[in-house]
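This report describes the sheet of a predicted model. The sequence and structure are shown first.

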Amino acid sequence: MQDVDVLVVDDELKILEMYGKRLGWRGIPVRLAGGADEALAAVEEREPDVVILDVRMPGRDGLEVLAELRRRHPRVQVIMLTGHASVESARKGMELGAFDYLIKPVALEDLLLKINEAAKAARG
């Protein structure tokens, strides 16, 4: 999976760093963004295959970022992450085109599996 380009977006620095380190240890090139604006700028700079996106963030939340990504970068696959399970937000995320919706904390092996599946979908 070394050729997969992943962007992780979360407003919680500890979670962001943890995913960055763990994915990096597995040889996955990963970029980190601490919020919506930073994430959208990173995607404009270089379109990733997969975005791992937190649902709850201050300002624009993950669902708003997902909608923007689907409009401007339809090839990018988005895996939504949340620590606050909500059927409504999961339903809305899937309607907006999220690849999948996972509950934090997610096991690294499960996340790696989803990243791999999403990268294959991104490449068509």
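## Pairing of E3 and E4

Strands E3 and E4 pair in the parallel sense, and five bridges join them. Within this pairing, Val51 has Val78 of E4 as its bridge partner. The chain passes from E3 through H3 to E4, a β-α-β crossover that is right-handed.

Helix H3, residues 62-72, lies across E3 and strand E4 (77-82). The helix runs at about 180 degrees to E4.

## Pairing of E3 and E1

Strand E3 (residues 50-54) also pairs with strand E1 (residues 6-9), in the parallel sense and over four bridges. Here Ile52 of E3 is the bridge partner of Val8.

## Burial of E3

How many residues of E3 are buried? Five of its five residues are, and the strand is thus described as mostly covered.

In a regular strand, side chains alternate between the two faces of the sheet. In E3, Val50, Ile52 and Asp54 lie on one side, while Val51 and Leu53 lie on the other. Both faces of the strand are covered, as these residues are all buried.

## The sheet as a whole

The open sheet consists of five strands in the order E2-E1-E3-E4-E5, with parallel pairing. Strand E2 (30-33) and strand E5 (100-103) stand at the edges; each has a single partner strand, so one side of each is left without a neighbour in the sheet. On average, neighbouring strands of this sheet are turned by 20 degrees against each other, direction ignored.

How values were computed
Residues are numbered from 1 along each chain as its sequence is written. This is a predicted model: local features need pLDDT of at least 70, side-chain atom pairs count only at pLDDT 80 or more; totals for chains, interfaces and linings use all residues. Side-chain values use heavy atoms; hydrogens and water are left out. Two strands pair if DSSP finds at least two bridges between them. Helices (H or I, at least four residues) and strands (E, at least two) are DSSP runs, numbered from the N terminus. Axes are lines fitted to C-alpha atoms, for helices over the stretch in contact, and angles run from 0 to 180 degrees between N-to-C directions. Contact means heavy atoms within 4.5 Å. Buried means under 20% relative accessible area, exposed over 50%, partly exposed in between (1.4 Å probe, protein chains only). A crossover is right-handed if, with the strands pointing away from the viewer, the path from the first strand over the helix to the second runs clockwise.
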